[in-house]
Amino acid sequence: MTPKPHSRRLLSRDMMSRQFWLPRPLFSLFLALLWLLLNRFTVAHLLLGLVLGVVIPFVTHPFWPERSRIKRPGRVLRYVLLLLVDIFWSNLIVAVRILRPERHLQPGFFRYPLELDDEFAITILASTISLTPGTVSAHYDAEAHTLLVHALHLEDEAATIAGIKQRYEQPLKDILR
């Protein structure tokens, strides 16, 4: 069975679009740059990095979830800077707690109730929690809509949850709204 002439034109038009061949341009650029950072710069490595940057997103595109749209890109920089500052201070706090002779650590798990609905935003939040020393997101429960988080030192669960909501979840909601 041969396709109708107008469906061939639609297929050709779709195949000619940039979106078809380069479904995730920023990811493609990231892969190419990462390849160049990992290898000595030569024209061959540049070409291979560009090929990998096009082929990997093209082949894996059907498996990716729907794209999240960043509604307020200016706030991304503020979020990243806040995260970097928090990582720095958390490293110092964890180092002091670990190196003190009297450790008085109170490790514990708690369930973090999510307000975010977007899978990408939840992934960013879980990664943010894990990147900050002293906390690790251990499990995402889609049915209960919670993250199971482990803290190295958990004095006040309610205050920790409120801190995560105010510092990370609310800004993510603003960015990806």
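Predicted model: local features only at pLDDT ≥ 70, side-chain atom pairs only at ≥ 80, totals over all residues.
Helices α5 and α6 come out roughly parallel to each other, because angles under 35 degrees get that label. The two pack at an angle of about 25°, with their axes 10 Å apart; axes here are lines fitted to C-alpha atoms, for helices over the stretch in contact, and angles run from 0 to 180 degrees between N-to-C directions. Tyr79, Leu83 and Ile87 of α5 meet Ile124, Thr128 and Leu131 of α6, contact meaning heavy atoms within 4.5 Å. Five of the residues in this contact are nonpolar, one is polar and none is charged.

Residues are numbered from 1 along each chain as its sequence is written, and side-chain values use heavy atoms, with hydrogens and water left out.

Now for the sheet. Three strands line up as β1-β3-β2 in an open, antiparallel sheet. Helices (H or I, at least four residues) and strands (E, at least two) are DSSP runs, numbered from the N terminus, and two strands pair if DSSP finds at least two bridges between them. β1 (108-113) and β2 (135-141) sit at the edges with a single partner strand each, so one side of each has no neighbour in the sheet. Six bridges join β1 to β3 (residues 146-151), and Pro113 has Thr146 of β3 as its bridge partner. Helix α6 (residues 119-131) lies across β1, β2 and β3, running at about 150° to β2.

Terms used
Parallel < 35°, antiparallel > 145°, perpendicular 65-115°, else oblique. Nonpolar A, V, L, I, M, F, W, Y, C, P; charged D, E, K, R; others polar.
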